[in-house]
Amino acid sequence: MSLVILTGAGVSAESGLGTFRDQDGLWTQYDLGEVATPQGYARNPALVHEFYNARRANLLTSVPNAAHEALVKLNGRATLITQNVDDLHERAGSTNVIHMHGELMQALCANCGHRWTAPPAMTTATPCPACGQHTARPDVVWFGEMPYHMDRIENLLDQCETFVAIGTSGNVYPAAGFVEWARAAGARAVEINLEPSDVARSFDEVILGPATETVPAWVDAILSA
Ligand code: OAD
């Protein structure tokens with residue numbers, strides 16, 4: 001069975017990482033245009049660093065939850081495409097993870113494109129180890145930028161037999177459209193979320209509840225089928 005799993009902020013919510021669009025979500029507290037766009041970074045890089053430094057500090061004190069841990073049992077059977085910039089899938093032990101929106105723990109030089117492990121706190125004075133310019137940014141994909149690994153993802157969706165979306169609101173494209181790509185390839189689609197997403201009607205099955213309960217139960221069902 002070719003199994004492709006898309007994860008979003010809901011899978012990490014019970015680890016204490018905020019989601020974006022729920023009540024109290026990050027985009028209710030911060031202006032997305034100021035902290036998650038290339039234009040915002042050009043206007044005020046210090047504010048952008050402050051936002052992602054806070055996210056990184058939160059991540060460093062968080063641990064994977066039962067949903068991340070359950071997905072590890074699918075190593076060798078599934079590919080995880082995550083919109084999350086946290087590293088909780090990897091810390092739980094998942095081996096096949098594609099970070100389509102980049103990684104919080106990585107730094108990217110806006111001048112030369114060099115990548116390196118992010119310091120816990122990045123500032124406008126952080127030098128790029130390759131070119132020496134003070135143009136470090138978090139290696140995360142901002143609105144208006146192209147998500148990473150799209151060729152690989154398109155291939156996976158073309159060959160997918162089962163597509164599962166976990167903890168994502170279906171607001172942000174292209175990820176929100178993956179269900180339609182997979183279904184066009186003949187896949188069965190399952191949504192696992194706290195509440196129905198904006199694209200829930202595209203799925204064959206919708207399983208509702210907190211990820212730490214629904215995901216372990218679903219993984220066990222897959223493994224015993
Ligand atoms: P959202 O915040 O948009 O959606 C989170 C989803 O998780 C919602 O549908 C919630 O109902 C669900 N949820 C919340 N708690 C949950 C729980 N305990 N168990 C299961 N589900 C739960 O987050 P994403 O869909 O991941 O991109 O957002 C997509 C992208 O928008 C992010 O990658 C980020 C953001 O702006 C960029 O920054 C480029």
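Modeller: On a 1 Å grid over the protein atoms alone, a cavity is a set of points where a 1.4 Å probe fits but cannot get out. By that rule there are two cavities of 30 Å³ or more here. Keep in mind that this is a predicted model, where local features need pLDDT of at least 70, side-chain atom pairs count only at pLDDT 80 or more, and totals for chains, interfaces and linings use all residues. Residues are numbered from 1 along each chain as its sequence is written, and side-chain values use heavy atoms, with hydrogens and water left out.

Colleague: What volume does the largest cavity have?

Modeller: A volume is the space filled by probe spheres set on the points, with grid points joined across faces, edges and corners. For the largest cavity that comes to about 80 Å³.

Colleague: And which residues lie nearest its centre?

Modeller: Lining residues have an atom within 4 Å of a point. The largest cavity has 16 of them, with Leu6, Thr168, Gly170, Ala175 and Ala176 nearest the centre. Sorted by class, that lining holds nine nonpolar, six polar and one charged residues. Here Ala, Val, Leu, Ile, Met, Phe, Trp, Tyr, Cys and Pro count as nonpolar, Asp, Glu, Lys and Arg as charged, and the others, Gly among them, as polar.

Colleague: Now the domains. Where do they run?

Modeller: Bounds come from an automatic or database domain assignment. It gives domain 1 as 1–16 + 64–101 + 147–225, and domain 2 as 18–61 + 104–140. Taking C-alpha atoms, their centres are 25 Å apart.

Colleague: How much area do domain 1 and domain 2 bury between them?

Modeller: Buried area is the accessible area (1.4 Å probe) that two parts lose on being put together, summed over both. For this pair it is about 960 Å², with 56% on carbon and sulfur atoms. On the domain 1 side, Ala9, Val85 and Tyr148 lose the most to domain 2, together 41% of what that side buries.

Notes:
On a 1 Å grid over the protein atoms alone, a cavity is a set of points where a 1.4 Å probe fits but cannot get out, and a pocket is an open set with protein on both sides within 12 Å along at least five of seven lines; lining residues have an atom within 4 Å of a point.
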